[in-house]
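Hello,

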Amino acid sequence: MTKLLHPTLAAVTARIEQRSVKTRQAYLDVLAKAKKPGPYRGGMGCANAAHAYAAMPANDKLVLRQERQPNVGIITAYNDMLSAHQPYEHYPEKIRAAARAAGATAQVAGGVPAMCDGVTQGEDGMELSLFSRDVIALATAVGLSHNVFDAALFLGVCDKIVPGLFIGALQFGHLPAVFVPAGPMTSGLSNDDKAKVRQQYAQGLVSREVLLEAEQAAYHSAGTCTFYGTANSNQMLMEIMGLHLPGSSFVNPGTPLREALTVEAVKRAVALSQDKDSGVGHQINAKAIVNGIVGLLATGGSTNHTLHIVAMARAAGLIINWDDFSDLSACVPLLARVYPNGSADVNHFQAAGGMGYLIAQLLSAGLLHDDVHTIMGQGLHRYTVEPWLNPSLNGQLDWRDVPAKSADEAVLRPVTQPFSADGGLRLLKGNLGRAVVKVSAVKPEQRQVRAPAIVLTDQKQLNQLFKDGKLKRDFVAVVRNQGPQANGMPELHRLTPVLGVLQDKGFKVALVTDGRMSGASGKVPAAIHLSPESVNGGLIGKVQDGDMIALDCDTQTLQLEVSDAELAARTAPTPDLSDNQHGTGRDIFALFRANAALAEEGASPLFTNI
């Protein structure tokens, strides 16, 4: 049951709408021009149509020639190197069969790249990761450009992939869009135990063989990694924005329920294609975007989404910024404890009540917009349910109300008894610039750090200093030249074990960087995404070893304690970026680096106008 909107939610939504009046209208005008009253292939040249359907079975060709039934496009991010996407291998044939059963047809419109950040962490390939989001968006648009589809299904799960699919889908926002999850792998070695082995390895206490055994016990089968990083934050986001079927985000692969949900997703896409007002571009408005941010905050989701949601919103003509995140975080309580914010994984979250319970709780407090359009129809209250195979319907898919109580309040709590009163994502401001920090996993006594800087330009340097025994003290690690213009803004996940070990030994440590941390960033206070970045004149470029830096998550300040006169006299060293910007795979991304420069001035939607 919903109540009056929280005033902050209402105010933030209103200012986004006001800020976006011109850009949103321009976007809606594009959708209006693209919309057609009948099937989008209607009236297409005969040669064009023959090319589009040449390889299809004869019966499908007969359906298509009638130009009455919908044709559903599939954009797939399948590969079998990425565990979360391996289940998608046979989805196209299942989708085609489900479409035929619904009197429609379906075709794979295109594939998009899908890199695994788990494989590339700390390796050169990670420098291509963030840019891959925009490649995925471009590839999605190429797949849909044939203009023979009446709705689209999007098969993707992980880090940059869902945001890229989302941005690409909005370029064809006159079409209905249904996102189809594949589900998380079953629980293996606990995330806490995995983290302990990583820290032991960083200290030289266990061998590489022991570390590899632990990692393989954690990441052991097909499905999404079970910690609450960017991939699972993506799934939460698609559901709370009404683009998944209710309760479908965290159902394990290969189960009868998962199979039934996939078939039902096809049926929904076919049904939506009959309604020319159900395009995803109209569905994703300011209220839907705000709902997504609220879900991120209430679950302690990935900091990567402070970049992605900005770009995703901009693709729909909506302009948001970090102030919106920060203001919402102050009023949205943290309702979930999933690793790294707690010891549970997403399977435990699902068992405790999952998305249906979370959405019901937030609606009851006026912390979500109910009056949004979803793939299930009008109203987010349609998502306060869970799917099941109903015995009274011969085991067919059905939905039932979620329980009124959480099954495990150590994992998922009611809005009246949150883990914390705020969402734990905060905007830091000071003379160093603007950065974001996630404090939901940081203990209150470790949220203020004032210590001398250790300046680094590579995360491997910190690991070497640790091995050399030179980090037995309080310090702030300043890792610069890690922004999008410098080297593509890689995640700096290899800093986590070392900083965690030092924090556990009682030292005050923190991180300040113009790069990113993993979506699973945890207990060490980390001021990330610092803007402006060093190669664009950011003050981080002038920081020297020994400078005092004060990072305070509670007052939301980030200050370099060096006088203005001293800073004016300093010259930032010119970084050698040749290794970062050239070499295997890098040169082709020069276009994206150029657009990243424009984004700092608010002239490009590729990254962020923060």
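Asp117 is buried, at 3% relative accessibility (buried means under 20% relative accessible area, exposed over 50%, partly exposed in between; 1.4 Å probe, protein chains only). Its partner Lys160 is also buried, at 2%, and the two side chains meet in a salt bridge of 2.5 Å, N to O (a side-chain nitrogen of Lys or Arg within 4 Å of a carboxyl oxygen of Asp or Glu).

This is a predicted model: local features need pLDDT of at least 70, side-chain atom pairs count only at pLDDT 80 or more, and totals for chains, interfaces and linings use all residues. Residues are numbered from 1 along each chain as its sequence is written, and side-chain values use heavy atoms, with hydrogens and water left out.

The salt-bridge count comes to 23. One of them pairs Lys94 with Glu259, with the closest N and O atoms 2.9 Å apart. Lys94 lies in helix H5 and Glu259 in helix H12, so the pair ties together parts 165 residues apart in sequence (helices, H or I, at least four residues, and strands, E, at least two, are DSSP runs numbered from the N terminus). Lys94 is partly exposed at 32%, and Glu259 is partly exposed at 29%.

Glu561 and Arg450 form another salt bridge, at 2.8 Å, N to O. Arg450 sits in strand E11 and Glu561 in the loop between strand E16 and helix H22, so this pair links parts 111 residues apart in sequence. Arg450 is exposed at 53%, whereas Glu561 is partly exposed at 38%.

In helix H9, the buried residues include Lys194 and Val197. Gly204 follows H9 and has a positive phi, near 80°.

Regards
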